[in-house]
Amino acid sequence: MIQKMRGTLDILPEQTPAFAYIEKTAREICERYGYREIRTPTFEATELFSRGVGDTTDVVQKEMYTFPDKEGRSLTLRPEGTASVVRAMIEHGRCGGVMPEKLFYLINCFRYEAPQAGRSREFFQFGTETFGSPSPYTDATVIALANDVIRALGIRDVSLHLNSIGCPACRPNYRKALAEYFSRYKSELCETCRGRLETNPMRILDCKSPICGKIAAQAPKTLDYLCDDCRGHFETLKVSLSDLGIPFEIDTHLVRGLDYYTKTVFEFVCGGIGAQSTVCGGGRYDGLVRQLGGPDLPAAGFAMGITRLILAMEQAGAEIPQPKTPVLYIAPLGEEAAKKAIALTHGLRAAGIVAECDLMGRSLKSQMKYADKIGAAHTLILGSSELESGRGVLRRMADGEQREVDFSDAAALAKVLC
RNA sequence: GUGGGUAUGGCGCAGUUGGUUAGCGCGCCAGGUUGUGGCCCUGGAGGCCGACGGUUCGAGUCCGUUUACCCACCCCA
């Protein structure tokens, strides 16, 4: 047997309603906030991600699905959504359009990682990007939107972690202070962190190794090194979130693994869904548009992992709407009746009724069992006498109550069933 | 890439110190008198016991290799 590729998902009919529900909820809330959907290609030029996400990030260095196409160009299956959206903004001249531009997307992404709970190689994201506004109120609005979606899905035990990692004006000072601090403990740091000392000392902050964590606990905090602009931005954001009634906690060790973030970074974390507990991650990325060849355009966004949302919903015992069950199941007896049943079912469907009839040639008993299994509200048996009279017995499955109905006119029967 | 765990009919599991036709629950299919479901009863279909190679008279059960899945590290959504 040929099996699906490692880390990919078959989403079966039992799981599909959860996905659909999340997508529907996300769409509705986005519309309420004035966001519009954008769809971008599944694969892009590799350079888009190496320049956009960052050359030194793990995502780019070891997790991308990269391959040459037939003409030797290097392509990559998108590992995230932001770079493509920014590329589309620039490519279609939208950076000079009406601002703010508010976009959302529902996409699949690909990262070559070892799968585990809450992580697969092909995964699904819901995300938003907001362009053109440097205001901290935009950050607050973006976070409020994410918060609304998470709440609407019935997810509990989530906490919002918030931090500011500064901007090109103030981050160098911080990095310097951090590098100085950590180099004092160089011999004690883990191997990867010793490397990070040179490349990206901020990443040492969220190293999970106990020793590094202990050292990091006393490390200089980004918040103490912010420039006036960044500090003011962060203060206003905090006040705004409080005004909106959105609780948060400052997490000075929150550093995102993608290079494009500036100022605000945040995560919604949910306990009890495994080691991959970040259900939503995002922040501001004021330099990215320019870095990808566009104008100086501030932006902010987030992405949520849909399968992680499902885990969180399950954990919270949130209800997931199920597909509609049939209002009527028609059980024909014999060939003539089967013909009539097909026609009648078709007529009912045309009238907007969820109706089904036998397609298996089953016995009456089996048909009744089947009607019960698929959750039909009523059944109608079609035998020879019914065919002649055009009248039959409608059985209500919940309590077995029966009454006679005229089924000669599908539209009329549909009214009775409503 | 690195650890640990698991691989037996569709799903969840048993399988004794290696030994006759590999079991159970759920599900599926069909019956339980003639045209009626959910409970109960009966019967049935369905497995080369992940793959490959060894040890042995004989292996689901022992040894080796490999693959897949799960969990964790790393990183992220």
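In this predicted model, the buried residues of helix H1 are Ala18, Ile22, Ala26, Ile29 and Cys30. They lie on the same side of H1, because they cover an arc of only 105° around the axis. An α-helix has 3.6 residues a turn, so residues three or four places apart point the same way.

What lies over this buried side? Strand S5 (101-110) and strand S6 (122-131) are among the elements that cover the buried residues of H1. Helix H5 (136-152) and helix H11 (306-316) also belong to that cover.

Now turn to the other face of H1. Pointing away from the buried side are the exposed residues Thr16, Lys24, Glu28, Glu31 and Arg32.

Next, consider the length of H1. The helix runs over residues 16-32, which is 17 residues. At 1.5 Å a residue, H1 should span 24 Å. Its end C-alpha atoms are 25 Å apart, which agrees with that expectation. Just after H1 comes Gly34, with a positive phi of about 80°.

H12 holds residues 335-350, and H15 holds residues 410-417. How do their axes meet? The axes come within 8 Å and cross at roughly 60°. That angle makes H12 oblique to H15. The crossing of H12 past H15 is right-handed. On the H12 side, Leu344, Gly347 and Leu348 make the contact. On the H15 side, the contact is made by Ala410, Ala411, Leu413 and Ala414.

Terms used. Residues numbered from 1 in each chain as written. Chains lettered and ligands numbered in written order. Predicted model: local features only at pLDDT ≥ 70, side-chain atom pairs only at ≥ 80, totals over all residues. Helix = DSSP H or I, 4+ residues; strand = E, 2+ residues; numbered from the N terminus. Expected span 1.5 Å × (residues − 1). Buried ≥ 20, exposed ≤ 12 C-beta atoms within 10 Å, placed from the backbone. Arc of directions from axis to C-beta. Contact = placed C-beta atoms within 7 Å. Axes fitted to C-alpha atoms, helices over the stretch in contact; angles between N-to-C directions. Parallel < 35°, antiparallel > 145°, perpendicular 65-115°, else oblique. Left-handed = near helix turned anticlockwise from the far one by under 90°.
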